[in-house]
Amino acid sequence: MQKKAAEIGFDWPDISGVIDKVQEELDELSHEINNHSAKSLIQSELGDLMFACCNLARHLDINPEQALASCNQKFYRRFNYVETRVNAEGKRFSDYSLTELDSFWDQAKQLEKLDEIDS
């Protein structure tokens, strides 16, 4: 739909307008969440945000489905690292605070960065 609209000139002239739209949609979603709005309103705003993000991907010439798949793979790797660290200690997730678990997550991110540098 976005591509068709762009073909007839209904599109942002540059990416800054797209980024502003993503921020606007995020602000609207936050507003509905903070006001404890009906789930249907929150869903609608989330849909608007996702649509704006897909538009951003189009402007960047990035396939949004591939970007999401890559993100899911990255999440899996990092979560697997956290899980491995927890299991190596012989503990359960509930034995750790969110801050401690987040530090394992940050370690996983750092290891990925080092792997990228070595590649």
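Visitor: At 44% relative accessibility, what does A38 count as?

Guide: A residue is called buried under 20% relative accessible area, exposed over 50%, and partly exposed in between, with a 1.4 Å probe and protein chains only. At 44%, A38 therefore counts as partly exposed, and A38 lies in the loop between α2 and α3. Please keep in mind that this is a predicted model, in which local features need pLDDT of at least 70 and side-chain atom pairs count only at pLDDT 80 or more, while totals for chains, interfaces and linings use all residues. Residues are numbered from 1 along each chain as its sequence is written, and side-chain values use heavy atoms, with hydrogens and water left out.

Visitor: How many residues apart in sequence are A38 and D106, and what is the C-alpha to C-alpha distance in space?

Guide: A38 and D106 are 68 residues apart in sequence, and in space they are 35 Å apart, C-alpha to C-alpha.

Visitor: Which other residue of the loop between α2 and α3 has a feature to read?

Guide: That is H36, which has its place in this loop. H36 has a positive phi, about 55 degrees, although it is not a glycine, and at 72% relative accessibility H36 counts as exposed. D61 likewise has a positive phi of about 55 degrees without being a glycine; D61 lies in the loop between α3 and α4, and its 74% relative accessibility makes it count as exposed.

Visitor: At what angle do the axes of α2 and α3 cross?

Guide: Helices (H or I, at least four residues) are DSSP runs, numbered from the N terminus; their axes are lines fitted to C-alpha atoms over the stretch in contact, and angles run from 0 to 180 degrees between N-to-C directions. The axes of α2 (residues 15–34) and α3 (residues 39–59) come within 9 Å and cross at roughly 165 degrees. That makes α2 roughly antiparallel to α3, since angles under 35 degrees count as roughly parallel, over 145 as roughly antiparallel, 65 to 115 as roughly perpendicular, and the rest as oblique. The residues of this contact (heavy atoms within 4.5 Å) include I15, V18 and I19 of α2 and L41, I42 and E45 of α3. They divide into 14 nonpolar, 2 polar and 6 charged, where Ala, Val, Leu, Ile, Met, Phe, Trp, Tyr, Cys and Pro count as nonpolar, Asp, Glu, Lys and Arg as charged, and the others, Gly among them, as polar.

Visitor: Which residues of α3 are buried?

Guide: In α3 the buried residues are E45, L49, A52, N55, L56 and A57, and they pack against α1 (2–7), α2 and α4.

Visitor: Where do the buried residues of α4 pack?

Guide: In α4 (residues 64–88), which has 25 residues and reaches 36 Å, close to the 36 Å expected, R78, V82 and V86 are buried. The buried residues of α4 pack against α5 (98–118). The axes of α4 and α5 are 9 Å apart, at an angle of about 125 degrees, and the two helices are therefore oblique to each other. Among the residues that make the contact are F75, F79 and Y81 of α4 and F104 and W105 of α5.

Technical notes:
Expected span 1.5 Å × (residues − 1).
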